[in-house]
Amino acid sequence: MDIKIVKILLASPLPPPIGGIASWTVEYMNQMSELGCTPILVNTSVTGKRIQNSAKVNFFDEFIRLRSIKKNIKNAICDSDINVIHYNASCFTFGLIRDYFVLRSFFRKVPVVYHCHCNLETNVNNWIARFFFLRIVERSNYVLTLNKKSFQFAKQYTDNIKIIPNFIERIYVDNVQVRSELKDIAFVGRVCAAKGIYELIEAAKNMKNINFHIIGPDDNHILDNISDTNIILHGPQSHDQVIELLKTMDAMILPSYTEGFPLVVMEGMACGLPIIATEVGSIPDMIEDKGGILIPMMDSNAIVEAVQHIHDSYTRQAMAAYNLNKVKNEYLSKCVLKKIMSIYEKLVLK
């Protein structure tokens, strides 16, 4: 089928802030344009002070935001003859309420693909969230989830569901090059308790022979008084700088408490690194039991044990090779977008 027949409206946030769904939006728009099928974008980003602090919700501002999103979708449908709405969602309670009132006018007019960029069990965790989630997914033509656990959760409410992972444009190394000695491990992300930074610091203090590189913003100054010489602070870096740093590492670690489908883990895999990470979100689906070590949350001893497990260079070689192949076969943008396009085409042909 000619992909130009599919006229897509993507309702999704753009940066700022950078990261998460917003980064996905930018890459999706770029890749779809290269395929000759540029969607119409309705930007659903937060506004005002919420750009800096997403915890603060002004309900009047959110009502205005809801009306604006709904109006922009309606105008795009009228002006551009849209035949598929791809709606990206984080599925927090207030977001689900907004999503329902935005989409309810369009469900019977245009096929809707509702894309859940989160771990559903974590986010849809109260009766209000479940109420609105049910009403959205039972009216949507397709529901997309990031991982197996979210798939099973959504399966309770609909059969029109598929697992669609996040994607990456390319791999960053041609082959695996593993040093005989394990010396450098990278953490990439916001420096905060929810990313497991305290457990990482505690573990690093017990492994003085290994350098732990912490790459990312420390907005709360958690690391200001760190004096351990094996904890190396890089601060916030550009994407290209992060990739260049990762290429010099022996492993990556992410002891986070919650994740959806972390791009940083996929980037570590694409750099040919073994991964140490918590069993949250899509991480178990990503590295399984072959691409690294899965650890429990809030356990610095588990971090120490995991690092000890990957000291052997042959173990790291096998993990790194597995991760590179996994990215090549499942997570490159062309592969993932082909799956998404097949869903669009099915809806248009109905």
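Buried denotes a relative accessible area under 20%, exposed over 50% and partly exposed in between, computed with a 1.4 Å probe on protein chains only. The structure is a predicted model, in which local features need pLDDT of at least 70 and side-chain atom pairs count only at pLDDT 80 or more, while totals for chains, interfaces and linings use all residues. Residues are numbered from 1 along each chain as its sequence is written, and side-chain values use heavy atoms, with hydrogens and water left out.

**View A. The ring pair of Tyr-100 and Phe-101.** Tyr-100 has a relative accessible area of 14% and is therefore buried, whereas Phe-101, at 27%, counts as partly exposed. Rings of Phe, Tyr and Trp (its six-membered ring) pair if their centres lie within 6.5 Å; planes under 30 degrees apart count as stacked, over 60 as edge-to-face and the rest as tilted. The model contains 12 aromatic pairs by this rule.

**View B. The ring pair of Trp-24 and Phe-167.** The ring centres of Trp-24 and Phe-167 lie 5.8 Å apart with planes at 55°, so the pair is tilted. Trp-24 belongs to helix H1 (residues 20-34) and Phe-167 to the loop between strand E6 (161-163) and strand E7 (184-188), so that the pair links parts of the chain 143 residues apart; helices (H or I, at least four residues) and strands (E, at least two) are DSSP runs numbered from the N terminus. Trp-24 is buried at 6% relative accessibility, and Phe-167 is buried at 5%.**View C. The cluster around Tyr-100.** The rings of Tyr-100 and Phe-101, with centres 5.2 Å apart and planes at 75°, form an edge-to-face pair. Ring pairs join Tyr-100, Phe-101, Phe-131 and Phe-132 into a cluster.
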